[in-house]
Amino acid sequence: MKKNSVYTLGSLIILLICAFVFVILPAMTGSAERQQQAIEFGKYNGKAIRYEQNSDFSDAVTYYGQLYQYYGRELDSNAYYEIFYNAFNQTVMQYAYKDAVAKSGYSVPKSAVTRQLIPYFSENGKYSSKLYRSTPKDKIRELTEKAEDSLTASRFYDDNFGSDEDKLGSDSLYGLKTSSKELNFVGSYGENLRGFNAAIFSLNDYPKSEKVAYGKANTDKFIKYNLSVISVEDKSTANTVAKRIASNEITFADAVSEYSNKSFSNAEGKLTNAYRYQIENILVEKSDMDKLIALSKDDVSEVIPTGAYFSIFKAEDDAVLPDFDSDEIVNQVSSYISTYENSIIEDYFTEKAKAFALEAGKTSFKAAATTLNVKTTELAPFPMNFGNVSVTSSLTSTESAFRNADSNENFLKTAFSLKKDEISEPVLLNRNVVVLQFTSETTPDADADKSLPDLAGFDKATAQASILKSDKLENRFMEVYFRQMMNK
């Protein structure tokens with residue numbers, strides 16, 4: 001089997017003359033009648049991708065089904081899904097490759113088709129004219145068309161990624177050739193490995209004293225209001241409700257039950273996020289907060305725009321001032337700062353990190369960590385490898401602070417710009433501020449595997465990812481599979 005998922009006709013022919021030893025559709029749908037119906041899973045460039053007899057899609061399903069059996073996979077619901085999913089993607093790739101070849105004006109030579117058909121009409125490894133004459137013409141036509149389709153798709157694959165067969169010396173006969181300079185570049189990629197000391201300041205360790213200080217300086221944000229609310233989709237309905245409440249035609253509580261969508265309340269209409277900063281977040285006009293503040297107990301507000309809705313508020317009791325000795329209030333302050341004022345936390349730990357770096361420069365990294373009680377770790381030597389691509393070694397660490405650090409451009413630039421033993425400026429990384437010290441520079445182990453990566457493999461993966469995201473693809477696989485194939 002070729003690595004690209006465009007299967008060879010030789011394999012397909014064998015499958016066509018074998019019984020498909022597990023019957024997928026009846027087992028999944030319980031309907032022989034539905035098995036005969038064509039099921040469309042999407043389109044590529046206007047061409048339907050259908051599961052029906054002798055279609056490219058059904059051939060691919062058969063292919064993967066036999067493959068799963070060959071490798072001893074249990075044919076459960078997960079396997080069925082994978083079989084159809086892989087078959088769908090394979091069909092898309094085949095259609096895309098065929099379209100690209102068609103634009104070039106290439107047509108499959110008859111001699112190439114003949115070579116592909118010979119195994120089907122052979123006995124004991126020799127071509128049999130008797131077997132050919134005894135085969136129905138419609139079967140020969142079907143096999144010929146499949147051979148042409150397969151060879152057309154393979155032409156694109158071989159010319160771009162190289163064939164898995166037909167070697168000419170050490171190179172594939174087909175495919176783009178790799179420059180010796182490219183090989184040298186890839187072979188030397190990642191030879192410069194750097195190790196570091198790292199000090200970690202987690203933003204999650206922002207002290208309670210700082211939170212309380214912020215809360216006391218911004219007391220109004222954390223006043224809790226005892227309000228009920230009716231929220232509706234349109235203004236005219238809201239005005240009607242307000243008039244009925246004002247004329248005592250309906251109580252506020254009954255209006256909650258009859259009209260409110262309860263987007264901002266519990267089932268009884270009580271406003272759920274009732275701190276001032278939370279209420280301000282749902283108001284279209286922030287000045288409307290003054291109208292709510294002015295409500296006395298049992299007062300009902302006018303209609304007030306709230307997000308996508310229109311709301312009427314009722315004051316149930318007096319507002320409650322924040323008690324900063326309460327864990328609930330401190331947690332509210334913490335949540336507010338983390339969500340809306342996170343730069344305050346970043347600035348706090350950046351100053352801490354600068355103080356650490358200054359102390360480390362005077363004494364040592366280890367001594368500064370001890371003196372200032374700072375968490376540190378060591379980063380094993382790693383190369384400049386953005387995204388941790390598999391062509392070379394990568395950054396690894398058990399510390400969550402360095403999760404996805406390989407994709408942080410500022411972190412990598414800082415790390416690989418340092419001179420030996422130099423200490424960095426603070427770097428923001430995930431929810432941490434880190435300080436680095438460049439400690440060691442090495443090269444890969446002389447005994448390490450220096451084999452070059454499969455560069456064509458990256459091209460294949462990129463091609464598939466691009467085609468499966470193409471605007472030409474109408475992908476309804478998930479919807480159709482679970483609705484029609486799984487009766488859901």
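Which residue lies over the face of tyrosine 95? In this predicted model, in which local features need pLDDT of at least 70, side-chain atom pairs count only at pLDDT 80 or more, and totals for chains, interfaces and linings use all residues, the residue over that ring is lysine 47, at 4.3 Å from the ring centre. Residues are numbered from 1 along each chain as its sequence is written, and side-chain values use heavy atoms, with hydrogens and water left out. A charge is taken to sit over a ring if NZ of Lys or CZ of Arg is within 6 Å of the ring centre and within 35 degrees of the ring normal; arginine 194 likewise lies over the face of phenylalanine 438, at 3.9 Å from the ring centre.

The structure holds 37 aromatic pairs, defined by rings of Phe, Tyr and Trp (its six-membered ring) with centres within 6.5 Å, planes under 30 degrees apart counting as stacked, over 60 as edge-to-face and the rest as tilted. Phenylalanine 196 and phenylalanine 382 form a tilted pair, with 5.7 Å from centre to centre and 40 degrees between the planes, and both residues are buried, that is, under 20% relative accessible area, where exposed means over 50% and partly exposed in between (1.4 Å probe, protein chains only). The ring centres of phenylalanine 222 and tyrosine 336 lie 5.8 Å apart with the planes at 90 degrees, so this pair is edge-to-face, and both of its members, phenylalanine 222 and tyrosine 336, are buried as well.
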